[in-house]
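Hi there,

Here is the structure I promised to pass along.

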Amino acid sequence: MTTIIVSLMIVLLLLGFPMMIPLVTAAFVGFYMTFGGTGQMETLIQQMMGGIRPTALIAVPMFILAADIMTRGQSAGRLIDMVMSFVGHVKGGLAVSTAASCTLFGAVSGSTQATVVAVGSPLRPRMLKAGYKDPFTLALIINSSDIAFLIPPSIGMIIYGVISGTSIGELFIAGIGPGLLILLLFSIYCVFYAIYHKVPTEPKSSWKERTVAVRNALWPLGFPVLIIGGIYGGIFSPTEAAAACVLYAVLLEFVIFRSLKMPDIYTIAKSTGLITAVVFILVAVGNGFSWIISFAQIPQTLLAAFGINEAGPIGVLIAISIAFFVACMFVDPIVVILVLTPIFAPAIAASGLDPVHVGVLITLQVAIGSATPPFGCDIFTAIAIFKRPYWEVIRGTPPFVFMLVLAAALIIMFPQIALFLRDLAFR
């Protein structure tokens with residue numbers, strides 16, 4: 001059964017079907033093979049509907065809507081200007097500013113694709129003009145945008161939290177340390193790259209210009225304060241924080257900055273609705289698929305076949321890292337989280353691992369795979385946005401993938417990188 005389902009999904013993917021079609025087909029075929037007919041098909045439908053019933057999922061369209069509003073408004077530009085005013089003049093400063101801007105915008109959007117658009121669109125031309133090569137520039141934008149998957153709010157963490165029953169608030173706080181670690185590694189590489197390639201520096205901003213930039217960015221910087229401070233202070237649940245972000249984004253872009261007009265609401269709502277529909281279809285079908293494979297004892301069979309149940313905590317974490325990393329090179333991150341998390345759930349429980357630590361590691365591996373050839377989703381986002389050929393987009397990715405894998409190894413060996421802030425906030 002496992003071989004048939006996997007083969008069917010691969011064939012449909014290779015034929016060019018969108019990810020929801022192979023997943024739906026696999027779910028129905030698996031149901032038929034497990035129960036021997038379609039007479040109880042309403043049971044599968046109930047499982048699918050149950051997948052989108054958790055109230056925590058309401059946060060997903062809220063964060064998508066807030067990110068869409070900010071991407072079309074001035075928030076991203078103001079954050080970029082602030083970062084540039086402080087580090088733009090140092091060696092590699094423009095590249096470091098790009099990585100830091102992606103991190104900051106990730107902290108207000110939670111979406112890698114939105115970060116690629118909002119930060120990459122204005123900064124890529126500036127980096128090319130400054131002397132950076134396009135493969136390096138594209139790779140930096142794509143991989144730095146993936147920090148948005150770790151820095152709260154993270155849509156990937158919301159999906160994992162719902163599937164695994166892990167606290168989304170704890171996951172959000174735990175993602176900050178790994179996100180900052182990756183930003184540090186990227187920044188060091190950017191400095192050495194600029195020195196080696198003799199990239200000239202940007203003009204140094206005066207303290208007056210810095211003061212103006214900080215003042216202009218104060219409103220957008222309210223997003224991470226609202227999310228992290230609200231959750232940490234017990235004022236908001238993650239879902240309530242998402243709703244507050246939408247209200248804050250509307251007030252910011254429509255009232256304070258006046259960068260958007262009322263007619264823009266239709267375009268923004270339509271875009272958010274389409275993305276949300278795709279996400280919720282994937283979540284619903286993924287839940288039905290996970291129920292089928294769990295009922296058929298596929299997770300236990302696979303884990304026993306590879307000896308993962310006896311591997312110990314470190315071995316389980318390594319197996320999880322490899323599985324999620326490789327899967328996201330080919331498949332949408334949300335689908336990978338939905339399908340693989342239940343498979344590894346027995347091994348995670350048996351080894352006594354902290355589910356928050358596991359969730360951060362899974363989110364990181366999903367982020368790495370999303371920017372890794374051959375089919376990482378952020379690669380194709382960059383191709384569409386920047387109109388560059390596939391090989392040029394992926395040429396500069398190996399050093400960044402190496403740094404991301406190094407970060408994953410450090411998180412496995414030193415769990416407190418992820419758990420220190422969590423323990424400080426919730427223990």
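A residue is called buried when its relative accessible area is under 20%, exposed when over 50%, and partly exposed in between (1.4 Å probe, protein chains only). Cys245, at 0% relative accessibility, therefore counts as buried. This is a predicted model, in which local features need pLDDT of at least 70, side-chain atom pairs count only at pLDDT 80 or more, and totals for chains, interfaces and linings use all residues. Residues are numbered from 1 along each chain as its sequence is written, and side-chain values use heavy atoms, with hydrogens and water left out.

On the cysteines: there are zero disulfides in the structure, a disulfide being a pair of cysteine sulfur atoms within 2.5 Å. Cys190 is buried too, with a relative accessible area of 0%. Its closest cysteine sulfur, in Cys102, is 10 Å away, too far for a bond. For Cys245, the nearest cysteine sulfur is also that of Cys102, at 19 Å.

Now the helices, which are DSSP runs (H or I, at least four residues) numbered from the N terminus. H6 (residues 93-109) packs with H7 (residues 112-130) at an angle of about 170°, their axes 9 Å apart; axes are lines fitted to C-alpha atoms over the stretch in contact, and angles run from 0 to 180 degrees between N-to-C directions.

Happy to chat any time.

Best wishes

Note on methods: Helices (H or I, at least four residues) and strands (E, at least two) are DSSP runs, numbered from the N terminus.
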